[in-house]
Amino acid sequence: MKKIIDCDEPEGLLSFLGEPVTLYCLNYIYSGTLVGVNDTCVKLDGKDACIVYETGPLTDKQFKDAQKCGRDRYVMLGTIESFEAGK
């Protein structure tokens, strides 16, 4: 997608660095603080990284079943379908 903008701020996943993010991927949904982005993957901080097994209503403040990973979680960019600010 091409856009005409005048912006010095990062866009896309880079704009979420250091912030909570939810990643909707091909097979799973991941949530946590985004601490790294490179050409092939993103890194979620192990302190709060989780896999979402059941969202419940998307308007709720918390997921119905989100289980912590207990360690850093790396997600391949090619599997991410969409993303948004985390819960």
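Is Lys-64 buried or exposed, and what is its relative accessible area? In this predicted model, Lys-64 is exposed, with a relative accessible area of 60%. Its side chain meets that of Glu-54 in a salt bridge, with 3.5 Å from N to O, and the two residues belong to distant parts of the chain, Glu-54 to strand β4 (residues 50-54) and Lys-64 to the loop between β4 and β5, 10 residues apart. Glu-54, at 40% relative accessibility, counts as partly exposed.

The whole structure holds 2 salt bridges, and one of them joins the side chains of Asp-72 and Lys-43 at 3.3 Å, again taken from N to O. Because Asp-72 lies in the loop between β5 and β6 while Lys-43 lies in strand β3, this pair ties together parts that are 29 residues apart in sequence. Asp-72 is partly exposed, with a relative accessible area of 32%, and Lys-43 is likewise partly exposed, at 25%.

The loop between β5 (65-68) and β6 (73-76) is also the place of Gly-70, which is exposed, with a relative accessible area of 65%.

Val-75, leaving aside neighbours within four places in sequence, is in contact with Leu-23, Cys-25, Tyr-30, Thr-40, Cys-41, Val-42 and Ile-80.

Strand β2 also contains Thr-33, which counts as buried at 16% relative accessibility. Beyond the residues up to four places away in sequence, Thr-33 touches Gly-18, Glu-19, Pro-20, Lys-43, Leu-44, Asp-45 and Asp-48, so that its contacts include Lys-43, the partner of Asp-72 in the salt bridge described above.

The cysteines remain to be considered. Cys-25 is buried, at 8% relative accessibility, and Cys-69 is buried as well, with a relative accessible area of 14%. The closest cysteine sulfur to that of Cys-69 is in Cys-50, and because the distance is 6.6 Å, the two are too far apart for a bond. A search of the whole structure finds 0 disulfides.

Notes: Residues numbered from 1 in each chain as written. Predicted model: local features only at pLDDT ≥ 70, side-chain atom pairs only at ≥ 80, totals over all residues. Heavy atoms only, no water. Helix = DSSP H or I, 4+ residues; strand = E, 2+ residues; numbered from the N terminus. Buried < 20%, exposed > 50% of the residue type's maximum accessible area, 1.4 Å probe, protein only. Disulfide = S-S within 2.5 Å. Contact = heavy atoms within 4.5 Å. Salt bridge = Lys/Arg side-chain N within 4 Å of Asp/Glu carboxyl O.
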